[in-house]
Amino acid sequence: MRDFQTSRRTLLKRGALIAGAAAVGIPGTVSAAGCGKVVCARSPGYWKNHPEAWPVETVKVGGLEKDKEYWIEYLLKQPVQGDKNRILAKALLAAKLNQYAGAEDSCIRYRGTADKCIGGGRCYFGVTGVADKWLITSGFPAFANGYEPQTTWKLEVMLNNECTGERDKVKVNGECLYEILDAYNNGMLCACKAD
């Protein structure tokens with residue numbers, strides 16, 4: 001965990017982002033007249049135990065769009081048991097809920113934020129986009145009978161190269177994606193940590 005003090009510039013930037021988000025009606029934010037409440041990131045455990053706090057009714061993870069009851073029952077309440085799909089999906093779901101709630105997300109959203117997780121890759125989606133593609137490639141979700149857990153973190157994934165417009169097959173380290181999303185959800189990157 002890093003030790004830092006938030007600068008005045010960062011606070012002003014966050015305030016401007018939140019005021020802008022409130023102006024266009026993003027849930028979990030207040031207007032500038034309300035002093036621009038900062039929305040902090042929360043962990044998968046928080047979202048599991050606080051369905052009333054979900055800023056949206058449905059979320060798309062790994063190509064599957066379901067309502068919060070489904071995600072809570074079939075993903076968040078279930079043990080991961082070493083299944084890389086579930087580990088990454090829980091972190092990605094929480095990150096998306098944090099984004100929808102209005103938490104700062106520049107460290108996971110934009111092109112280049114996933115570069116260190118991609119073998120030889122540049123110009124691809126941000127962490128959330130690459131994590132979605134990793135999950136789709138791995139066969140997520142397959143919670144049906146006979147489901148074989150995903151046991152490896154490294155997969156070859158087809159990604160759209162945003163610089164060339166081509167589709168490339170690249171090696172993606174899912175554990176690296178998980179670590180970034182986990183740090184984000186726990187307030188150790190661009191979003192503040194919730195109390």
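A residue counts as buried when its relative accessible area is under 20%; C176, with a relative accessible area of 9%, is therefore buried. The model described here is predicted. Its chain holds seven helices and four strands, and three disulfides and five salt bridges are found in a search of the whole structure.

**Overall architecture**

- The chain has 195 residues, of which 43% are buried.
- Among contacts in the chain with a separation of 6 or more, 61% are between residues 24 or more positions apart.
- The chain exposes about 10,400 Å², and 49% of this area comes from carbon and sulfur atoms.

- Strand 1 covers residues 58-61, with V59 and V61 on a covered face and T58 and K60 on an uncovered one.
- In a regular strand, side chains alternate between the two faces of the sheet.
- Strand 2 spans residues 64-67 and runs antiparallel to strand 1, to which it is joined by four bridges.
- Two residues lie between the strands of the hairpin, and G62 adopts a positive phi near 55°.

**Disulfide C117–C176**

- C117 and C176 are joined by a disulfide, with a distance of 2.1 Å between their sulfur atoms.
- The torsion about the S-S bond of C117 and C176 is about -65°, so this disulfide is left-handed.
- The link connects distant parts of the chain: C117 belongs to the loop between helix 5 and helix 6 (127-138), C176 belongs to helix 7, and the two are 59 residues apart.
- C117 has a relative accessibility of 2% and therefore counts as buried, and C176, at 9%, is buried too.

**Disulfide C40–C192**

- A disulfide joins C40 and C192, with an S to S distance of 2.0 Å.
- The disulfide of C40 and C192 is left-handed because the torsion about its S-S bond is about -100°.
- C40 is in the loop between helix 1 (8-23) and helix 2 (44-49), and C192 is in the segment after helix 7 (174-185), so the pair ties together parts that are 152 residues apart in sequence.
- C192 has a relative accessible area of 16% and is therefore buried.

**Disulfide C107–C190**

- The sulfur atoms of C107 and C190 lie 2.2 Å apart and form a disulfide.
- This link of C107 and C190 is left-handed, with -60° about the S-S bond.
- Because C107 lies in helix 5 (residues 106-109) and C190 in the segment after helix 7, the pair ties together parts that are 83 residues apart in sequence.
- C190 counts as buried because its relative accessibility is 12%.
- A disulfide is a covalent bond between the sulfur atoms of two cysteines.

**Salt bridges**

- Side chains of opposite charge can pair when their charged atoms come close.
- One of the salt bridges is formed by the side chains of E57 and K68, at 3.6 Å from N to O.
- This pair links distant parts of the chain, with E57 in the loop between helix 2 and strand 1 and K68 in helix 3 (residues 68-76), 11 residues apart.
- K68 has a relative accessible area of 10% and is therefore buried.
- The side chains of D132 and K96 form a salt bridge with an N to O distance of 2.6 Å.
- D132 in helix 6 and K96 in helix 4 (residues 84-101) are 36 residues apart, and the pair links distant parts of the chain.
- Both D132 and K96 are buried.
- R86 and D83 also meet through their side chains in a salt bridge, at 3.9 Å from N to O.
- Both members of this pair, R86 and D83, are buried.

Key:
Residues numbered from 1 in each chain as written. Predicted model: local features only at pLDDT ≥ 70, side-chain atom pairs only at ≥ 80, totals over all residues. Heavy atoms only, no water. Buried < 20%, exposed > 50% of the residue type's maximum accessible area, 1.4 Å probe, protein only. Contact = heavy atoms within 4.5 Å. Areas by Shrake-Rupley, 256 points an atom, 1.4 Å probe, with all protein chains shown as cover. Pairing = 2+ DSSP bridges. Disulfide = S-S within 2.5 Å. Salt bridge = Lys/Arg side-chain N within 4 Å of Asp/Glu carboxyl O.
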